Amino acid sequence: MSAGPTSAPVPASGSEPVLDIRDFSVVYRTPSGDVRAVDRVNLSLAAGEVVGLVGESGSGKSTLAYGACRLLRAPAFITGGTVRYQGRRLAQRSQAADVLRMTPQELQKLRWREIAIVFQSAMNALNPVLSVRNQMLDVIHAHLRMPRDEAGERAASLLDLVGIPRSRLRSYPHELSGGMRQRVMIAMALATEPEVVIMDEPTTALDVVVQRDILAQIVELKDRLGFSILFITHDLSLLLELADRIAVMYAGQLMEVGTAGEIHREAAHPYTKGLLNSFPSLRGPRRELAGIPGSPPDLRDPPPGCPFLPRCSYGTDACTRIDMELLPVATSQDPEHVTACPFVLPDTPPREAFQAKDSLDVPDHLTLADELRTAVEPGS
Amino acid sequence: MSEQTLTSAAADRGPLAMEAISVSKDFRLGRGQTLHAVRDVSFNLYRGGVVALVGESGSGKSTAARLLAGQERLTSGVIRLDGHQVEVSSRRAFRRYKSQVQYVFQDPFASLNPVHTVRYHLERPVKLHQRAANMSQEVVALLEQVRLTPAKHFLAKYPHELSGGQRQRVSFARALAAHPSVLLADEPVSMLDVSIRLEMLSLLDDLRRRFRLAMLYITHDIASARYFADEVLVMYAGQIVERGPAEQLTQCPAHPYTQLLVASAPDPDNLGSTLRRGAGRDRSQQPQGAPRGPVSAASNGTAVAGCPFSPRCPFADDLCRRENPALAQVSATRAAACWHLDLAAPEVVSGPQGGGFPTTQ
């Protein structure tokens, strides 16, 4: 226990984070009430880091990323928080700029030049009536001052970068395979040398061989060009291999944040454990797989306490009274490995976990958490 | 050929239900070009057994399933159901066939009609394929079979009111309404969230056992095939390049393409793997070294003479580029189509599972 449970989580280590999202909340306004799609989320991204954001559909992971770039429109409203961006090109400024307070002109300069997005569906994100070359020139001319022939040369070299023959500049999107389209999307995102690239399920529609090839290429480009990646996916197994840190999102809130190794070997939150037990592994012995029965709560009227409670095999009455605060995992060496569940630890055995504690009336979740922590690790 | 003596790993689950014998399907592309979508594919489905058809997009796995479903005409070959050759020329014959062989589509968002309720989706096949005395009782029973309970709660719902998992359950129920003996499931879980995929697969497994369904499970996720299927068929460019019991095939793949598939699957137990160490190393280790250009040419099955995988294969030589290897038996239950199995998978050819069959015919 290197940090007390009362200290605030400090997600990024070392250098100033490039992108720092704090207390960020987004609601979707509907006739039957506000859907709290993103609820007080803290997440930061350091230079050159790959942060994975994992969650099932509807968990708010895309809303979080798009909201941080102010790409949402009504009925989505950002109800609070700050999004500080501090890129190398803007380093001369004394203070990081808050994306949420930027004017449209400032946003125009920020988007693509500083933060670029690779969208999920390359077929829908590319313009079907423009050739690859013209789409790339559009991007370059919109965000950089550059003579025409130089821009053309840049488009060609970007295709080289992602391993597509230059002759494909004249192709239209429908003439490319799914993997090639996705590579064109990546090339376009990199056209302006952004500091941060947000990738929203960039490989979900592709088969595994192509997926692996593209991911390897993304990592190679990242190492060469030094941008940071926020990688959004519902496939945790992918992130365990790819990401430096992983943030697990459920029902609009972060459940656990830790390094890939911590999430893999010492997952603390029951939801993370459930996710880890959801995908069949190809290697090693066959495990009993459980998945996560049930479905996410209705965010118009979220249940009190932990939103995962109805699906949680560790759940107790005390769970309805906790505030969802990310606090360091008690048994972890790393104070940045944080979880929203104060009860369950990485080595807590499933199911029978808290039957004994069920009857206890515990006013404050912290006291129970502390009590359990001492109970779980006697003299270790 | 040796094909005759090969025993399917699904065979001991139950009696033979459906046979595909040397099935081929060509599509004319115009300008004299032909796409050989499915080439000389043979396999059997057994009651209560699951056969997985694994391959990348464009490998012909969905076309193979559509042939079995009677939705496409065969270019050549024979399909038999319960020992009788399938002939679906007339509408009546087709309907009778459909009451035996049902199809589950990949996308539950597209396969249910948005203007109709769950009740309508289920009543229609019941009316078509059965003479149910009590319709509403039958529909409720269907919903309960796929664990959509309480059934009353779901009957009046429209597809948009259901989650992805619930929709896919409705499409399972719709397929069961005909009381089929064969279920063709085309990527039934790949559109669903990772967290509910397992639940759906275990539901399918439960239905398979309860109704002794002969199941064809089409997927690009070879890891799920390992857990769910008895036998795995790996398809590449319209051909079966390897087949065998699910566990053996995934743990000890023989064909270079299967090896590539297995190597490409995300491997969380291999932290700090090739992926994070950077791509250069990655490419030199995998048979991925070939330029990306020919990938699409190879996988659409048109141009290449010889082994279709040869442009991407690290073991390819002149023989591979000239002649297409036939599927040859390597053990009692396994077969692979490769000229160089001795190089690609020596442990399979002569190993403990080898069974002593020579690779050449």
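**Close-up 1. The largest nonpolar core and Phe231(A).** Of the 219 residues in the largest nonpolar core of this predicted model, Phe231(A), Ala52(B) and Leu216(B) touch the most other members. A nonpolar core is here a set of buried Ala, Val, Leu, Ile, Met, Phe, Trp, Tyr and Cys residues joined through C-beta atoms within 7 Å, and a residue is buried if 20 or more other C-beta atoms lie within 10 Å of its own, exposed if 12 or fewer, and partly exposed in between, with C-beta atoms placed from the backbone. Helix α7(A) gives the most to this core, with 8 residues, and at least three residues come from each of domain 1 (120–193) and domain 2 (251–376) of chain A, the domain bounds being those of an automatic or database domain assignment. Neighbours within four places in sequence left aside, Phe231(A) is in contact with Val50(A), Val51(A), Gly52(A), Leu53(A), Met199(A), Leu239(A), Leu242(A) and Ala243(A), where contact requires that the C-beta atoms of two residues, placed from the backbone, lie within 7 Å. The model is predicted, so that local features need pLDDT of at least 70 and side-chain atom pairs count only at pLDDT 80 or more, while totals for chains, interfaces and linings use all residues. Residues are numbered from 1 along each chain as its sequence is written, and chains are lettered from A and ligands numbered from 1 in the order in which they are written.

Close-up 2. All of strand β8 (residues 214–219) of chain B is covered, 6 of its 6 residues being buried; helices (H or I, at least four residues) and strands (E, at least two) are DSSP runs, numbered from the N terminus. Ala214(B), Leu216(B) and Ile218(B) lie on one side of β8(B), and Met215(B), Tyr217(B) and Thr219(B) on the other. Strand β3 (residues 50–54) of chain B pairs with β8(B) in the parallel sense over 5 bridges, two strands being paired if DSSP finds at least two bridges between them, and Leu216(B) is the bridge partner of Val51(B). Strand β7 (residues 182–186) of chain B likewise pairs with β8(B) in the parallel sense over 5 bridges, with Asp186(B) opposite Ile218(B). From β7(B) the chain passes through helix α7 (residues 194–211) of chain B to β8(B) in a right-handed β-α-β crossover, that is, one in which, with the strands pointing away from the viewer, the path from the first strand over the helix to the second runs clockwise.

**Close-up 3. The side of chain A that touches chain B.** Here 42 residues of chain A are in contact with 40 residues of chain B. The elements of chain A that give two or more residues to this side are α7 (208–225), α8 (236–242), α9 (260–265) and α10 (270–276), and α7(A) gives the most, with 10 residues.

**Close-up 4. Helix α1(A) and the residue Arg70(A).** Because 8 of the 8 residues of helix α1 (residues 61–68) of chain A are buried, this helix is largely enclosed by the rest of the structure. Among the buried residues are Lys61(A), Thr63(A) and Tyr66(A). Arg70(A), which follows α1(A), has a positive phi, near 55 degrees.

**Close-up 5. An open antiparallel sheet in chain B.** The 4 strands of this open sheet stand in the order β2-β1-β4-β5 (chain B), with antiparallel pairing. Strands β2 (33–46) and β5 (84–85) of chain B are at the edges, each with a single partner strand, so one side of each is left without a neighbour in the sheet. Strand β4 (residues 76–81) of chain B is joined to β5(B) by 2 bridges, and Arg80(B) stands opposite Gln85(B).
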